Amino acid sequence: MMKTEPESPAEPRRAGWLQSADQAGCRDRIWKLGLLTGLKADDAGAFTPANFERALVLDRLIELHRPARILEIGTGRGLGCLSMAESARIHAAPARITTLDFLPANAPQRWPIEIGGERKILHASRDEIWSRHIDAALTEPLTQIAGPTTRTMPALAREGAKFDLIFIDAGHDLYSVVHDLTYGVKLLAPGGIILMDDFAPLEEFGLGTCVVVPQARRFFRKVETFPTEGLVFGGAVQPDAPRGMVLLSEPIAQDVAVSRVRLLAWRLAGFILRLCHAPQFFPLRKS
Ligand SMILES: C[S@@+](CC[C@H](N)C(=O)[O-])C[C@H]1O[C@@H](n2cnc3c(N)ncnc32)[C@H](O)[C@@H]1O
């Protein structure tokens with residue numbers, strides 16, 4: 001009889017297990033947290049569980065890698081960082097989580113939410129919603145830093161901060177993705193991992209992540225892209241080509257330097273890429 005090797009913790013089947021039944025408990029708690037912190041609503045009032053699957057991926061990474069220092073780029077309304085705090089507690093892998101966003105915790109934002117079975121759109125801040133609806137044990141491990149990543153990430157690098165898991169999920173334009181990955185690599189601890197959201201070749205905002213993947217291959221031995229959106233909770237925008245994520249692991253370089261001049265050039269590249277989406281620049285017209 002053929003002997004089957006047990007799955008190695010270093011070789012998780014990151015895409016396949018998303019749909020597997022043993023995620024049921026995890027699915028329920030992420031669904032509950034997602035209804036409070038991750039719902040999206042369009043102008044017609046239709047609510048969708050926008051890529052709640054990212055929290056399943058983060059849960060699995062925390063279970064496997066047990067990162068002690070986590071950095072999230074882009075707090076949003078909190079599904080990413082709060083689900084990571086919950087996963088760390090459930091997997092007995094205590095972690096401190098630093099999360100960065102333009103918006104301070106007390107700034108009101110548009111907030112689609114489901115409370116007691118009723119879906120509505122509030123205008124509320126993280127402070128307000130978290131203090132009313134989120135277990136304080138989940139907010140305790142968090143440090144929120146407000147400001148653009150062009151300021152907050154270089155500041156962390158100057159302090160010599162290092163992180164074992166970095167979740168990049170802030171601006172999705174080309175320049176923001178290049179900037180956040182560049183400083184993400186700078187802030188990564190030896191052996192650390194980076195997870196990037198929104199690998200979406202068919203959508204304008206997904207191009208930034210697509211462009212940096214080949215660059216990332218020069219800095220990581222392992223680069224995995226896999227679909228996530230809608231696979232478990234439904235609600236994919238493009239069901240035939242669902243948005244995905246990129247996982248970068250086994251970093252090659254221990255010491256990296258950031259070139260601010262080259263970053264400036266990527267600002268220009270980002271501007272040109274935006275023009276590529278403008279209908280008036282496309283060389284084809286209906287006659
Ligand atoms: C998609 S949301 C983050 C969702 C969150 N990671 C989660 O999993 O629930 C993106 C957030 O990034 C923030 N953001 C976008 N560009 C940014 C920048 N350049 N600097 C700081 N925050 C930024 C936005 O304010 C927004 O709250």
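Trainee: Which way do α1 and α3 run, roughly parallel or roughly antiparallel to each other?

Mentor: Residues are numbered from 1 along each chain as its sequence is written. Keep in mind that this is a predicted model, where local features need pLDDT of at least 70, side-chain atom pairs count only at pLDDT 80 or more, and totals for chains, interfaces and linings use all residues. α1 (residues 24-37) and α3 (residues 79-90) pack at about 150 degrees, with axes 10 Å apart (axes are lines fitted to C-alpha atoms, for helices over the stretch in contact, and angles run from 0 to 180 degrees between N-to-C directions). Angles under 35 degrees count as roughly parallel, over 145 as roughly antiparallel, 65 to 115 as roughly perpendicular and the rest as oblique, so α1 and α3 are roughly antiparallel.

Trainee: Which residues of α3 make the contact with α1?

Mentor: Helices here are DSSP runs of H or I with at least four residues, strands are runs of E with at least two, and both are numbered from the N terminus. Residues are in contact if their C-beta atoms, placed from the backbone, lie within 7 Å. α1 brings Arg29, Ile30, Leu33, Gly34 and Thr37. Facing them, α3 brings Leu79, Leu82, Ser83 and Glu86.

Trainee: Which residues come nearest to the ligand?

Mentor: There are 18 residues around the ligand, each with its C-beta atom, placed from the backbone, within 6 Å. α3 and β4 (96-101) are the elements that give two or more residues to that shell. The nearest are Gly74, Gly76, Leu79, Gly80 and Gly171.

Trainee: Which strands stand at the edges of the 7-stranded open sheet?

Mentor: The order is β7-β4-β3-β8-β9-β11-β10, with mixed pairing; strands pair if DSSP finds at least two bridges between them. An edge strand has a single partner, so one side of it is left without a neighbour in the sheet. That picks out β7 (142-146) and β10 (220-227).

Trainee: Which residue of β11 stands opposite Ile194?

Mentor: Look at β9 (residues 188-199) and β11 (residues 244-251), which run antiparallel and are joined by 4 bridges. Opposite Ile194 you'll find Leu248.

Trainee: In the hairpin of β5 and β6, which residue takes a positive phi?

Mentor: β5 (residues 109-115) and β6 (residues 118-124) run antiparallel, joined by 7 bridges. The hairpin has 2 residues between its strands, and the one with a phi near 55 degrees is Gly116.

Conventions:
Two residues are in contact if their C-beta atoms, placed from the backbone, lie within 7 Å.
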